[in-house]
Amino acid sequence: MNPITLFKQLMCCATMAASLSCEAQTYRYNTKFHVLASNFVETIPIEMRDHQIFVTVHVNGRPFRMLLDTGSGQGITYTNSAFPYKRILGKIDSYDANGNMRKTDVVEFQEFRLGNIAIHGYPGTLLDSHVPHKDYDAVLGFDLFNKGLSCKIDPREGVMVLTDIPNYFEREPGFPVKYRLERWSPHIKVSPFPGCTDEARFDTGSRRLYVSSQVEGRAFGHRAIGSFGVERANEVAFLWLDALEWGGFSFQDYHTMTTQGISRVGAEVFDHGAVIIRPKQKLLVFQPYSQSISCMVSNEQMSIAFVPKEGRASVGLIWEGGRHYRCGFRQGDIITGVDEQHIFSFAQFLAYPFIKGQEYRFRLQGADGRERIVVSER
C-alpha cells in the first residue's frame, strides 16, 4: 500500500477514535428513549410511604422499586443498587438538591416495564449513595413527562394514570399553574404570603409541602442530604405561613423552614389532593380531595434534623423553640445508642425501626465528649 495512503487511513482512524472518545466523555440530556406503546391509557399502582411515591417496575420479570422524583430531570441508579443497566453513555454535570455539582456517569437502564408499558433505552445518572436507600432501587425522573406523556398522580386511590393521548386530562377540574423547565425539572410560582411570589421546584422527591428560600425562629446548622453529601452549615429560618397559594388554592396554617437551594413543593401536597402533569401545555393541575378552595394544614414545625458526620449519626440542625431542644438534644450531638442498641453509623441509625409517637432513650455524645441520655420521640 502506498505509504501516503496508509498514513491517511491511520490519521482517519485516529480522528474517528478521538471523536468517539470525545463523545463517550459527554452526555447531553435527551428524551430519545422509547416508550414501546401508543395510544394508551395505563393505570399503574403506586404506594405513598413517608411522603414519598414508589412504583414497582419489572426487568426480565424481576420486580424493582423506583422512587418517582419529579425534581430529578432523569433517572438515577446507585453503585450499590441491584437495578441493572446495560452500558455507560458518557458523563454529565449533575446537580443535587442542594445545588452542588459533580461530573457523574450516565448509564442506559435495561428495558423495564411500567405496568404494561415497556420503556427501552432509559438513561439514568449513576451515583455513589451517601445514604442507604433501603426503600427503593432506582429513581424515575421527570424526563418521563418531558417525553410527552401526561399523568395523574392520585395517592389516595393508589394509582398513577399514564397516557400518550394529547389533551386526555384537558377536561379534568382543578387549580392549574404553568411550569417552566430548569435543569429539566418543573418550576412553578407560588405565593407564601400576600404580595410575595416565590418560584419553587415541584419535587416529589422532597417530602415537605413547601420549603422556602425566602419567622418563627432561627438556627444555624444543616439538614438536607443531597446526592453529593450534606448541605453546608448556614442560618435557617423557621416560618409560619398564614397561607400558601397555588393557582387559586390555599394551604392554610403551614409551618415550614428555609432551604439553601431553590424552594421546593414536595410530596406532602398529595395529603390534600391529586396532581395532573400536562407537559404539552406545561401545566401542573392540583385537584383537592375536598371540593373547597382551601385546606387547613396545621402541621407541626420540624424542630430537628439528623445528618451524617464522619459516618456517624449527628444532630445537624435543632430549633431552640422545639420539643427536641426542650428534651435535651443539642447541635452537634452524636447518637451513640437508641434504647439498648449501640449505634455505630448513620446507616444503622436510619435502619432503626422507629415508630411514630413512641418515646426512645437516646444516648448522646456532646461536643465536650461527655455522654448523656435524652428521652424523646424520633
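Contact is taken here to mean heavy atoms within 4.5 Å. The structure is a predicted model, in which local features need pLDDT of at least 70, side-chain atom pairs count only at pLDDT 80 or more, and totals for chains, interfaces and linings use all residues. Residues are numbered from 1 along each chain as its sequence is written, and side-chain values use heavy atoms, with hydrogens and water left out.

Leaving aside neighbours within four places in sequence, Thr70 is in contact with Phe142, Phe145, Ser185, Pro186, Phe202, Asp203, Thr204 and Ile277. Thr70 is placed in the loop between strand E4 (62–68) and strand E5 (75–78); strands (E, at least two residues) are DSSP runs, numbered from the N terminus. With a relative accessibility of 1%, Thr70 counts as buried, a term for under 20% relative accessible area (1.4 Å probe, protein chains only). The Thr70 side chain reaches the backbone oxygen of Phe202 at 2.7 Å.

A nonpolar core is a set of buried Ala, Val, Leu, Ile, Met, Phe, Trp, Tyr and Cys residues joined through side-chain atoms within 4.5 Å. The largest such core has 58 residues, of which Phe112, Trp246 and Phe251 touch the most other members. Strand E20 (residues 234–246) gives the most to this core, with five residues. Another core, of 16 residues, lies apart from it and includes Val338, Ile343, Phe349 and Tyr352.

Rings of Phe, Tyr and Trp (its six-membered ring) pair if their centres lie within 6.5 Å; planes under 30 degrees apart count as stacked, over 60 as edge-to-face and the rest as tilted. The count by this rule is 29 aromatic pairs. Phe83 and Phe109 form a tilted pair, 4.9 Å centre to centre with 55° between the planes. Phe83 lies in the loop between E5 and strand E6 (85–95) and Phe109 in strand E7 (residues 101–109), so the pair ties together parts that are 26 residues apart in sequence. Phe83 is buried at a relative accessible area of 3%, and Phe109 is buried at 1%. Phe354 and Phe362 form a stacked pair, 6.0 Å centre to centre with 15° between the planes. Phe362 is buried, at 0% relative accessibility. Ring pairs also link Phe175, Phe202, Trp246, Phe249, Phe251, Phe270 and Phe286 into a cluster.

The mean pLDDT (the predictor's confidence in each residue, from 0 to 100) of the protein chain is 84, and 82% of its residues reach 70 or more. Over residues 1–24, pLDDT stays under 50, and the model has six contacts beyond four places in sequence for this stretch.

How values were computed
Helices (H or I, at least four residues) and strands (E, at least two) are DSSP runs, numbered from the N terminus. Buried means under 20% relative accessible area, exposed over 50%, partly exposed in between (1.4 Å probe, protein chains only). A polar contact is a pair of N or O atoms within 3.5 Å; within protein, one must be able to donate a hydrogen and the other to accept it, and residues adjacent in sequence count only if both atoms are side-chain atoms.
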